[in-house]
Amino acid sequence: MRDSDCIVVMGSNMAENHPVAFRWPMKAKVEHGAKIIHIDPRFTRTSAVADIYAPLRAGSDIAFLGGIINYVINNERWQTDPFFKTWLVNYTNAATIINEDFKDTEDLNGVFSGLVEYKGGVPEWPFNAFIGQYDGATWQYARTKIGDQGRTASTAQSGEAGKMPTGQANQPGGPAAPKSGAQPSGNETSKPPFTALVQALVKPAPEKDMTLQNPHCVFQILKRHFSRYTPEMVEQNTGCPKETFLKVAETILANSGADRTVSFAYAVAWTQHTHGVQIIGCAALLQLLLGNVGRPGAGIMALRGHASIQGSTDVPTLYHSIHGYMAAPTALKKHDTLGDYLTAETLPTGYWANMPKFMVSYLKSVYGDKATPENQFGYDWHPKILGDHSHMAMFAAMNAGKVKGMILVGQNPATSLNARLERAAMRKLEWLVVKDNWLTESANYWKGAPEVKSGEVKPADIKTEVFYLPATQVAEIDGTFTNTQRMLQFHHKAAEAPGDCKSDTWFSYELGKRLKKLYANSTLPRDECWKNVTWEYEHENPEERKKGEPSWIKINKEMNGFFTDDPARHCVGFAELKDDGSTTCASWIYSGMFPAPDKYLPDRRTPDPPGQPGAQLQWGWAWPANRRIMYNRASADLEGKPWSERKKWVWWDAEAKKWVGYDVPDYIATKPPNDKAKPGAAGMDALPGTAPFIMRADGLGWLFAPSGMVDGPLPTHYEPVESPVKNQLYQQQSSPVVKIWKDPANPLAAPMDPKFPYALTTYRLTEHYLSGAMSRWNPWLTELQPELFVEISPELAQEKGIKNLDWVKISSPRAQIKAKALVTKRMRPYKIGDKVVHQVGMPWHWGYEGLSTGDVVNELTALVGDPNVSMHEGKAFVCNVEKA
Amino acid sequence: MAEPMGFYTDTTVCIGCKACEVACKEWNQLPSRNGGQTTLSGNSYDNTRALDGIHWRHVKFVEQFTDDRKDGRWLLMSDVCKHCVQAACLEVCPTGAIIRTEFDTVVIQSDACNGCRDCISACPFGVIDINPASGTAQKCTLCYDRLQAGMQPACSQACPTESIQFGTIRELKDRAQKRVAQLQQMGEKRAYLYGADEKMLGGLNSFYLLVDRPEVYNLPPDPQMPTRNLKLGSWFSVLGAVLVSLFGVINFRNRGAEERP
């Protein structure tokens with residue numbers, strides 16, 4: 001971001017919630033006068049240092065971004081500057097022809113072709129919560145279907161075999177693809193080598209019109225799709241004055257091109273919507289149109305919500321994927337055997353064609369010597385998912401009495417979504433383990449919760465056995481952080497943990513050892529996993545070993561990978577991984593961070609010399625392969641030359657016949673820019689030397705997503721599930737395929753419900769962290785933000801007779817809470833069409849335990865979710881406000 | 001004496017994160033008001049309220065919006081002791097507890113302070129107050145202990161956006177003037193330096209880049225030494241003293257005359 005000429009912060013309050021990362025936008029501003037744009041419902045600490053602040057009503061982001069897209073497409077400079085044209089035609093799928101049966105939201109008044117009733121899932125797991133489903137067959141490329149496989153689809157749990165349009169598994173004709181009923185053992189396709197399996201998946205290259213004139217080509221479709229997103233429409237839908245919107249659009253375009261770049265930063269204010277993935281996709285679409293991807297100072301920065309949460313999705317703690325963004329084996333798809341899994345999930349063209357090597361090396365890391373080519377490397381022992389096991393689905397299941405016990409490590413669900421429902425669900429548990437720094441709301445929910453204090457619930461009636469384990473803090477352990485730019489940095493222990501506090505690794509390691517012992521003599525097939533899993537992480541240091549702390553060196557080595565016949569030989573990168581069991585590697589993307597027993601790269605701290613262009617390659621280590629900008633082939637033109645001297649990053653060295661530059665090239669190092677795609681070939685040979693997006697099957701940036709998204713191939717403006725206004729663009733009010741967990745304790749307000757007329761957004765403050773479990777026990781922090789408040793505009797305050805610091809009642813269909821009013825002109829009413837919509841804001845840091853206590857704001861939120869990723873809609877729902 | 005050291009605070013890049021306040025409290029082990037259990041001030045995001053004996057850094061939040069919101073600013077500024085070259089506190093301190101260090105900063109030595117509060121009323125910026133933990137007057141020391149160890153103050157080290165910069169006054173002034181020129185050139189005509197000039201109490205060793213009048217940030221536009229207001233009064237005192245002594249001299253002379261045999 002330091003290299004950006006313009007930084008757009010939207011869906012994020014970056015200065016407030018990522019103050020340390022915000023040093024880079026501030027450096028860009030001071031060092032070369034970069035413009036900072038903040039687009040947000042509230043004027044925040046980020047707006048305070050922005051050059052342009054654009055207000056918008058919560059939940060109207062796609063209307064705004066779509067407006068910029070329409071502005072760009074109709075702009076003369078964009079249409080005539082050769083940079084944009086070359087980029088568009090060659091680096092994106094603008095020229096690709098889409099199935100003629102595709103119908104856009106413009107044609108069907110707000111829905112895409114293929115909307116059907118949801119009939120997926122298995123009877124054992126009725127918690128997927130879809131209200132509808134798309135059959136995306138018509139969204140596909142005309143001549144050939146292109147898959148994104150399960151990587152995104154399994155998140156949504158609509159990836160069931162036979163229904164999911166994207167998976168190759170549904171397509172007959174793959175010679176190596178087993179039809180059905182293949183037995184796990186003796187299935188020849190489950191044995192290495194898997195080269196033939198991958199080759200058999202290859203389809204003809206998609207059809208294109210490089211002139212972009214064909215009415216079914218992506219560019220023409222998106223041009224029509226966004227044609228009604230005019231500045232006037234933006235003003236009417238978002239409440240942002242037309243002049244401000246145009247200033248934003250002009251500034252973004254003026255700072256894009258061969259010589260200049262724009263970056264976007266977003267955080268959970270884009271994700272926490274029932275169409276959050278589409279908002280991010282919309283920004284990606286815009287950045288692809290502007291050539292702002294894979295280049296210095298460009299891109300979209302996903303600002304993660306916690307330290308190292310990037311690491312937790314990489315490694316991962318997500319239910320729907322295993323290490324390195326491979327799909328978790330699932331009972332819903334044809335994943336019966338390893339061969340089935342690889343057939344369903346491998347993209348045959350592009351770099352993902354190597355997935356069988358990554359998967360087999362992963363299975364070797366789990367089962368060690370027990371994993372052999374004869375037993376499919378233990379694939380049968382690997383757990384499979386049944387449906388949506390994400391946060392909201394799990395609590396819906398818990399509330400239905402389907403969950404016996406819960407281990408909470410670093411979570412505080414007693415203050416989480418629809419908190420009363422979640423606490424009611426927790427009361428149905430047989431046992432609960434809370435491992436945290438303090439006795440949080442979740443540890444004390446049985447005695448401290450409002451419903452207990454009011455006498456509504458009696459502690460004696462709660463049968464849950466609650467265990468509390470004190471946890472270490474980060475400075476008390478050795479370990480790594482993986483930050484938002486995918487960089488691993490090692491940190492050393494600074495102090496010993498007090499008393500009985502134990503690290504999370506200690507807990508997991510000990511629990512695993514005990515479970516292994518418990519199942520050692522079991523004869524049940526389901527326990528084979530525990531019997532065969534490798535679990536050897538004894539610490540090298542005798543003192544640590546005595547304490548039971550596992551060895552971070554061994555854990556990191558397993559993630560990095562090593563050669564099975566010579567464990568002292570570490571893999572130097574994922575290119576060394578094999579599909580025959582000769583390599584072991586838990587996380588292919590982390591391969592290379594620990595290339596030799598005495599070389600641990602996340603511990604490096606050598607900055608580039610000052611004043612010299614570089615990518616800080618000697619500071620920490622970033623996946624993949626220490627690349628700092630992904631898809632950086634796009635920083636060079638078709639011939640491999642930098643687009644401009646100012647934006648030089650990697651380029652083709654014709655003499656040395658390889659890609660070179662400041663960064664590690666994100667490409668096959670010796671694949672020349674004039675390399676032609678080899679028809680019928682698998683892997684990288686299927687892509688020409690001009691295709692930068694090597695993880696896509698066609699090597700292109702997708703303006704239109706033929707697969708991978710379950711709620712549509714293009715972003716469309718939908719209202720939040722609960723909204724104070726009617727969708728002014730389409731008859732369809734909100735996304736037709738959202739997730740709604742139907743539960744009497746989860747009532748929803750109908751659109752424009754007069755009982756809840758105001759838009760509410762929840763957020764965080766710099767002074768506190770999440771539910772406050774790490775900050776409300778610290779007096780230095782609580783005195784800085786001592787009490788829960790609700791931010792309202794003076795206009796709304798006057799209407800309601802509320803004065804600054806008055807107690808106010810805030811209600812949603814789920815609950816009513818109290819907070820002090822903070823009346824401020826930083827909040828404003830929005831004019832939406834002919835209606836005035838008041839925007840209300842509340843930080844959600846408070847709870848009933850700790851030094852500073854306050855009502856739980858999440859009692860107001862609902863269990864509704866984005867269909868792609870099951871993310872809730874805490875950023876845009878409705879409420880009422882009354883003087884208490 | 002080493003070269004004068006101090007702070008330059010560029011308020012245009014302050015994000016109001018209060019990391020400076022927390023870093024200061026942690027390094028100097030300052031207590032919290034009422035153990036951290038306080039109430040909302042209702043004044044924007046400022047719950048620190050003022051500089052005092054236990055708050056040596058204070059981030060100010062000034063909301064400036066027109067009713068139609070066409071114009072709006074949220075001015076953020078981390079306030080601290082100015083370490084004046086002509087320091088009123090130092091001048092009025094009766095016990096000599098307040099000293100000027102080798103870094104040209106002003107430090108209260110707690111063990112020599114008798115808590116008389118003279119410095120509190122003398123400071124034109126209102127930065128000093130009694131720390132109830134020690135019962136003595138306290139304020140920012142510009143991390144004298146860290147400076148002696150070759151480190152920079154805790155607040156400037158913690159500042160994520162380099163709004164608070166620490167260095168030699170000479171270098172800081174140079175940097176600050178360039179930043180003002182840059183802002184002016186980019187259209188921010190209101191940018192200027194507060195306290196970088198020797199005319200203000202001989203120069204403030206903690207000076208600011210501001211974009212509005214000092215009063216908007218609750219800073220005195222023309223801070224004065226307390227002694228200046230006392231000038232006329234002191235002449236009266238001198239005159240009085242002369243008269244008294246003359247009277248005494250006369251008296252003694254007369255007495256002497258009487259006593260003469």
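In which sense do β13(A) and strand β14 (residues 487-491) of chain A pair, and over how many bridges? The two strands are antiparallel, with four bridges between them; pairing here requires at least two bridges found by DSSP. Strands are DSSP runs of E with at least two residues, helices are runs of H or I with at least four, and both are numbered from the N terminus.

The model is a predicted one, in which local features need pLDDT of at least 70 and side-chain atom pairs count only at pLDDT 80 or more, while totals for chains, interfaces and linings use all residues. Residues are numbered from 1 along each chain as its sequence is written, and chains are lettered from A and ligands numbered from 1 in the order in which they are written.

Elsewhere, β27 (residues 835-843) of chain A runs parallel to β22 (residues 758-763) of chain A, joined by five bridges, and Thr762(A) lies opposite Met842(A). With β26 (residues 829-832) of chain A, β27(A) pairs in the antiparallel sense over four bridges, and here Lys831(A) stands opposite Val836(A). Two residues separate the strands of this hairpin, where Gly833(A) adopts a positive phi near 60 degrees.

Turning to the interface, 35 residues from chain A and 32 residues from chain B take part in the contact, defined by C-beta atoms, placed from the backbone, within 7 Å. On the side of chain A that touches chain B, α2(A) gives the most, with four residues.

Note on methods:
Contact = placed C-beta atoms within 7 Å.
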